[in-house]
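The sequence and structure are shown first.

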Amino acid sequence: GDEAQRAIAVELLGKGCTLGDASACVLAGQWVRRNANQGDKRYTRETWVKLLERGCELEAGTACALLAEHLSSESPAHRARAVELYERQCTTNPAGCYHAADVLQHGGAADQVRAVELRKSACTRGYTRACK
């Protein structure tokens, strides 16, 4: 039925991801995460993290951003990795700078100084939300 078809789709997307299709990594990662969060035992946190990591390695900004967003919302322990992922995007997408700053602003004094620098960078590069 429907479940079997979805499982096959995820398997195929996973293979596409392995072969270097970044958008397949993003789609599979999102689907696996949603199902893992809904208690589907076939899918684990480790699986969706690996899929999004692979997409991020393939320079898919979306995969890096999603992974960063999920990690930063999970726990403070994952904040450093989330900032690193957002900052990777920062070079090509000023929104990445803004999101990294957002995570950093909850840290210590040095993090807050870095957050101000990142916001300034995002603003001067045309990301207007960072100019407030």
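## Loop residues

Apart from neighbours within four places in sequence, Asp40 is in contact (heavy atoms within 4.5 Å) with Glu3 and Asn35. This is a predicted model, in which local features need pLDDT of at least 70 and side-chain atom pairs count only at pLDDT 80 or more, while totals for chains, interfaces and linings use all residues. Residues are numbered from 1 along each chain as its sequence is written, and side-chain values use heavy atoms, with hydrogens and water left out.

Asp40 belongs to the loop between H2 and H3; helices (H or I, at least four residues) and strands (E, at least two) are DSSP runs, numbered from the N terminus. Asp40 is buried because its relative accessible area is 17%. Gly39, which follows H2, has a positive phi near 90°.

Thr91 sits in another loop, the one between helix H5 (79-90) and helix H6 (94-104). With a relative accessible area of 65%, Thr91 is exposed. Its C-alpha atom is separated by 9.9 Å from that of Ala122, a residue 31 residues apart from Thr91 along the chain.

## Confidence

The predictor's confidence in each residue is given as pLDDT, from 0 to 100. For the chain the mean pLDDT is 86, and 98% of the residues reach 70 or more. Where pLDDT is low, the predicted coordinates should not be read in detail.

## Helices H2 and H4

Helix H2 (residues 22-37) has 16 residues, and the distance from its first C-alpha to its last is 22 Å, close to the 22 Å expected at 1.5 Å a residue. The expected span of a helix is 1.5 Å times one less than its number of residues. For the 14 residues of H4 that rule gives 20 Å, and the end C-alpha atoms are 20 Å apart, which agrees.

The buried residues of H2 include Cys25, Trp31, Val32 and Asn35. Asn35 is also one of the contacts of Asp40. The buried residues of H2 pack against helix H1 (2-18), helix H3 (45-57) and H4. In H4, the buried residues include Cys64, Leu66, Leu67, His70 and Leu71. Their cover includes H2, H3 and H5.

## Disulfides

The structure holds 3 disulfides, a disulfide being a pair of cysteine sulfur atoms within 2.5 Å.

| Pair | S to S | Angle about the S-S bond |
|---|---|---|
| Cys17 and Cys25 | 2.1 Å | 100°, right-handed |
| Cys56 and Cys64 | 2.0 Å | about 100°, right-handed |
| Cys123 and Cys131 | 2.1 Å | 110°, right-handed |

Where do the cysteines of these pairs stand, buried or partly exposed? Cys17 and Cys25 are both buried, and Cys56 and Cys64 are buried as well. Cys123 is partly exposed because its relative accessibility is 27%. Cys131, with a relative accessible area of 40%, is partly exposed.

Note on methods. Buried < 20%, exposed > 50% of the residue type's maximum accessible area, 1.4 Å probe, protein only.
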